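Here's a quick tour of a sheet and the helices that go with it. Have a look at the model first, then read on.

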Amino acid sequence: MAKLTKDEIIESLKEMTLVELNDLVKGIEETFGVTAAAPVAAAPGVAAGAEPATVTVKITGLADPTKKVAVLKVYKEITGLGLMDAKKAIDALPATVKEDIKKEEAAELKKSLEEAGAVVSVA
């Protein structure tokens, strides 16, 4: 059998139907033990397996419902919200405290909120 050039292969692919191309891909996968699936791309700015540079801090609940006022005060202080807006957020947990902040700042906020009685997640 004569060896086909790259251009001849491409020309023959142009003449194939989608069903024929699908069969060809399956045949190549089986014959060579490969997959034609596209690799999954990492999020922009994040290397594969690397942790994100910024995180979001959320209050997910109250460790002790009697500490609600203390959590409210700390949340209000951190976010700069008025009393009524802060109360609405705490009444409707989960509530985002801060987004896209450095991990060091997030650790400090988490510590303050947990000391007040909040259950905090950092992601």
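In what order do the 3 strands of the open sheet sit? The order is E2-E1-E3, with antiparallel pairing, in what is a predicted model.

## The sheet

Strand E2 (95-102) and strand E3 (118-122) are the edge strands, and each of them pairs on one side only. On average, neighbouring strands in this sheet are turned by 25 degrees against each other, if you ignore direction.

Now for one of the pairings. E1, which covers residues 54-62, teams up with E2 in the antiparallel sense, over 5 bridges.

## The helices across it

Helix H3 (residues 68-79) lies across E1, E2 and E3 and runs at about 40 degrees to E2. Helix H5 (residues 103-116) also lies across E1, E2 and E3, but its angle to E2 is about 150 degrees.

## Zooming in on Thr56

Thr56 lies in strand E1. Is Thr56 buried or exposed? Its relative accessibility is 17%, so Thr56 counts as buried, the cut-off for that being under 20%.

And what does Thr56 touch, leaving out residues up to four places away in sequence? The list is Thr96, Lys98, Glu99, Asp100, Ser121, Val122 and Ala123.

Technical notes
Residues numbered from 1 in each chain as written. Predicted model: local features only at pLDDT ≥ 70, side-chain atom pairs only at ≥ 80, totals over all residues. Heavy atoms only, no water. Pairing = 2+ DSSP bridges. Helix = DSSP H or I, 4+ residues; strand = E, 2+ residues; numbered from the N terminus. Axes fitted to C-alpha atoms, helices over the stretch in contact; angles between N-to-C directions. Contact = heavy atoms within 4.5 Å. Buried < 20%, exposed > 50% of the residue type's maximum accessible area, 1.4 Å probe, protein only.
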